[in-house]
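This briefing goes through selected features of one structure, topic by topic. Keep the sequence and the 3D view open while reading.

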Number of protein chains: 2
Amino acid sequence: MPTIKEIAEMANVSRTTVSRALNNSGYVSEEARKRIMKVIEETGYVPSEQAKSLRMKRTKVIGVIVPTIKTETSGRLVSGMDDILSEEGYQILLASTNLDKQKEIEYIHLLKVRRVDGIIFTATNENEHLLELIQKLEIPFVVIGQEIEGVSNVLYDDFHAAKDVISLFIKKGHEKIGFIGVDETDRAVGYLRKRGYLDEMKENHLVVEDNWVQKGIFDIDSGYQAMRKMIKNSEEIPTAVFAVTDRLALGATNYLKESGYGIPSDMAIASIGASEFSKHLSPSLTTVDYNNEKAGQEAAKIILSTIRNEQEKIKKITLDYRLLIRDSV
Amino acid sequence: MPTIKEIAEMANVSRTTVSRALNNSGYVSEEARKRIMKVIEETGYVPSEQAKSLRMKRTKVIGVIVPTIKTETSGRLVSGMDDILSEEGYQILLASTNLDKQKEIEYIHLLKVRRVDGIIFTATNENEHLLELIQKLEIPFVVIGQEIEGVSNVLYDDFHAAKDVISLFIKKGHEKIGFIGVDETDRAVGYLRKRGYLDEMKENHLVVEDNWVQKGIFDIDSGYQAMRKMIKNSEEIPTAVFAVTDRLALGATNYLKESGYGIPSDMAIASIGASEFSKHLSPSLTTVDYNNEKAGQEAAKIILSTIRNEQEKIKKITLDYRLLIRDSV
DNA sequence: GGTTAATATGGAATCGATTCCATATGGCAT
DNA sequence: ATGCCATATGGAATCGATTCCATATTAACC
């Protein structure tokens, strides 16, 4: 690959003129332009974005940190970002932490080193060290899914979504409602969704037996185990259960089927996520659609307007959601 | 963010010495090193990878082009690549074509402009223009899923996987076997899987009625439509059907259930893909697991050894697969 | 005590672009 | 003829690192 210098020599002009021809800036005679374009055509020269970035102090790259790239949720998020970013000539530098908290910090560093123009961060957990790092970073920063002080956020309404699911159960006549959650250090999925469950129960004067509240991790099997524990240990077995993710609900469903429980006749079930498979389970799973692509798009828009300085201060938006009522309730 | 020059001034040394301290190259006195490290600590300085890349003529970035990032398959592929690449300090610059052929070419250009150290390409279609571009590109290049001359490939054994599925049907006593494919311009998914179906049928002296061979696109609904056509138009309705992707199989399953066909009693069904949902359908779907993460890992390994010049010539590897026999047959 | 080697440091070129500033030419108005 | 402006071009600085080469100091050896 030749450089601008070689192109200049071959076309018998200076680098300055080549640059001007390439960027349509300043004066270039028709003759010179033709000679330059001919040489470029012949050599297949493309200017180095690397060198340009150094000089212009911008990279046109947005760093994206996700907890894992294997799930649909992340895929849809990233796809939404790409819709907006690629439109504006930005590209995505991807970093997947595989749920490793240490790596979250490491990757922010890595993106800083690469001088990305902005960072979109899909958080799972919060810890002191990370918060501090984020707050003193001078790079445009957007967090999806968790509320973090001092930076822009795109939030899901975890609290109300959970409340709505419980409210649906109650409307259908359920009074004994179980819960399968995840660790509360995950503020959005762990804490807020549980809060929604507990609040709605309380507001309707419904009691919650200790064993109705179970905890899993993010995989299918832990949903199975949690459901098993709930059934085995409860004094009174619930008639409905809310799982905080579709995968947990799927695991729970597997246990229920295996144990001969009818869904929804013996146990209604609902969750949050709207994964593709949720629609095709039998019975089809009632779940909340968070519209991840939209979230990705919104995050990308915020990053772009922050970069362009159209945005004075930080921005927090909360997305709406849709409760998809299907056959499992 | 300060630059190396400012760090040098603050520590009362030259840029050369700072660089040496940072990279543990050449001689640096203990005193100077301490002063430098102190200044770096205080300022939070991190060297610009951008500037380093320009000087060192390498970016430590691998460009990855996928047809879409929304599906599990792509997610698993990229995840596999990331396993290997992040280990070696490389990062992934992601480009998703959204199945737009025009963009495949555009993105290769974009990655070339950014001087990525290598490109991993998950092809869907082949066209003259693209092949030509790839062959005269001077960047290490690996293609996943399609055989392309002149570059390294990581291939799935589409032909034998399809053959094995049909062979399974035949072993189970089926003689009338239908097929739901995609356009044959997609050589791997469209052409080779169909070839496997037809060859195995022929080798077993089984006839294939025209209407048994249907075509869809890559979504669930087209599987539904294809199954409908097959049932409506066939003189004799098949007792088994092979769909080239899990999504097509899912659509077909939906149609069959809706029309009162028992699976597998009236119609056996199997496909290729091993998506997560396949296991949780009822009945669970018989499918071929291609191990996409492995494919991603292998592609990443080839790219790295090509970059390091450990690899003289192009490399072609074909991955094995597992036939997951479940309740749908 | 002089040669050699190890240690320590800095100057300056380099990577490949952009861009400020200087300069040259030709045409047109005064 | 003089001045001015539009057009056209190039020199050189700059972005932020690495690295070759030169040079200075100290230590070690015979």
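Apart from its neighbours within four places in sequence, A:Leu54 is in contact with B:Gln50, B:Ala51 and B:Leu54. The model shown here is predicted.

**A:Leu54**

- A:Leu54 belongs to helix α4 of chain A, which covers residues 49–56.
- A:Ser74 is 20 residues away from A:Leu54 along the chain, and the C-alpha atoms of the two are 31 Å apart.

**The sheet of 12 strands**

- Strands of a sheet pair through backbone hydrogen bonds, in either a parallel or an antiparallel way.
- An open sheet of 12 strands has the order β11(A)-β5(A)-β4(A)-β3(A)-β1(A)-β2(A)-β2(B)-β1(B)-β3(B)-β4(B)-β5(B)-β11(B), with mixed pairing.
- Its edge strands are β11 (316–318) of chain A and β11 (316–318) of chain B, each of which pairs on one side only.
- On average, neighbouring strands of this sheet are turned by 20 degrees against each other, direction ignored.
- In chain A, strand β1 (residues 61–66) and strand β2 (residues 91–96) pair in the parallel sense over 6 bridges.
- Opposite A:Ile62 stands A:Ile92 in β2(A).
- In chain B, β1(B) likewise pairs with strand β2 (residues 91–96) in the parallel sense, over 6 bridges.
- Opposite B:Val66 stands B:Ser96 in β2(B).

**Strand β1 of chain B: buried or exposed?**

- Strand β1 (residues 61–66) of chain B has 6 of its 6 residues buried, so the strand is largely enclosed by the rest of the structure.
- In a regular strand the side chains alternate between the two faces of the sheet.
- Both faces of β1(B) are covered, with B:Val61, B:Gly63 and B:Ile65 buried on one side and B:Ile62, B:Val64 and B:Val66 buried on the other.

**The sheet of 6 strands in chain B**

- Chain B has an open sheet of 6 strands in the order β7-β6-β8-β9-β10-β12, and the pairing is mixed.
- The edges are taken by β7 (213–215) and β12 (322–324) of chain B; each has a single partner strand, so one side of each lacks a neighbour in the sheet.
- Neighbouring strands of this sheet are turned against each other by 20 degrees on average, direction ignored.
- Strand β9 (residues 268–272) and strand β10 (residues 286–289) of chain B run parallel and are joined by 3 bridges.
- B:Ser271 has B:Thr287 in β10(B) as its bridge partner.
- Helix α8 (residues 158–171) of chain B packs on this sheet and touches β6 (177–181), β8 (240–243), β9, β10 and β12 of chain B; the directions of α8 and β9(B) make about 165 degrees.
- Helix α9 (residues 187–203) of chain B also packs on the sheet, touching β6, β7, β8 and β9 of chain B, and its direction makes about 165 degrees with that of β6(B).

**Helices α10 and α11 of chain A**

- Two packed helices are described by the angle between their axes and the distance between the axes.
- In chain A, the axes of helix α10 (residues 220–233) and helix α11 (residues 246–258) come within 6 Å and cross at roughly 50 degrees.
- This makes α10(A) oblique to α11(A).
- The crossing of α10(A) past α11(A) is right-handed.
- Residues of α10(A) in this contact include A:Tyr224, A:Met227 and A:Ile231, and those of α11(A) include A:Leu248, A:Gly251 and A:Tyr255.
- The residues of the contact of α10(A) with α11(A) are 9 nonpolar, 4 polar and 4 charged.

Key: Residues are numbered from 1 along each chain as its sequence is written. Chains are lettered from A and ligands numbered from 1 in the order in which they are written. This is a predicted model: local features need pLDDT of at least 70, side-chain atom pairs count only at pLDDT 80 or more; totals for chains, interfaces and linings use all residues. Side-chain values use heavy atoms; hydrogens and water are left out. Axes are lines fitted to C-alpha atoms, for helices over the stretch in contact, and angles run from 0 to 180 degrees between N-to-C directions. Helices (H or I, at least four residues) and strands (E, at least two) are DSSP runs, numbered from the N terminus. Angles under 35 degrees count as roughly parallel, over 145 as roughly antiparallel, 65 to 115 as roughly perpendicular and the rest as oblique. A crossing is left-handed if the near helix is turned anticlockwise from the far one by less than a right angle, and right-handed if clockwise. Contact means heavy atoms within 4.5 Å. Ala, Val, Leu, Ile, Met, Phe, Trp, Tyr, Cys and Pro count as nonpolar, Asp, Glu, Lys and Arg as charged, and the others, Gly among them, as polar. Two strands pair if DSSP finds at least two bridges between them. Buried means under 20% relative accessible area, exposed over 50%, partly exposed in between (1.4 Å probe, protein chains only).
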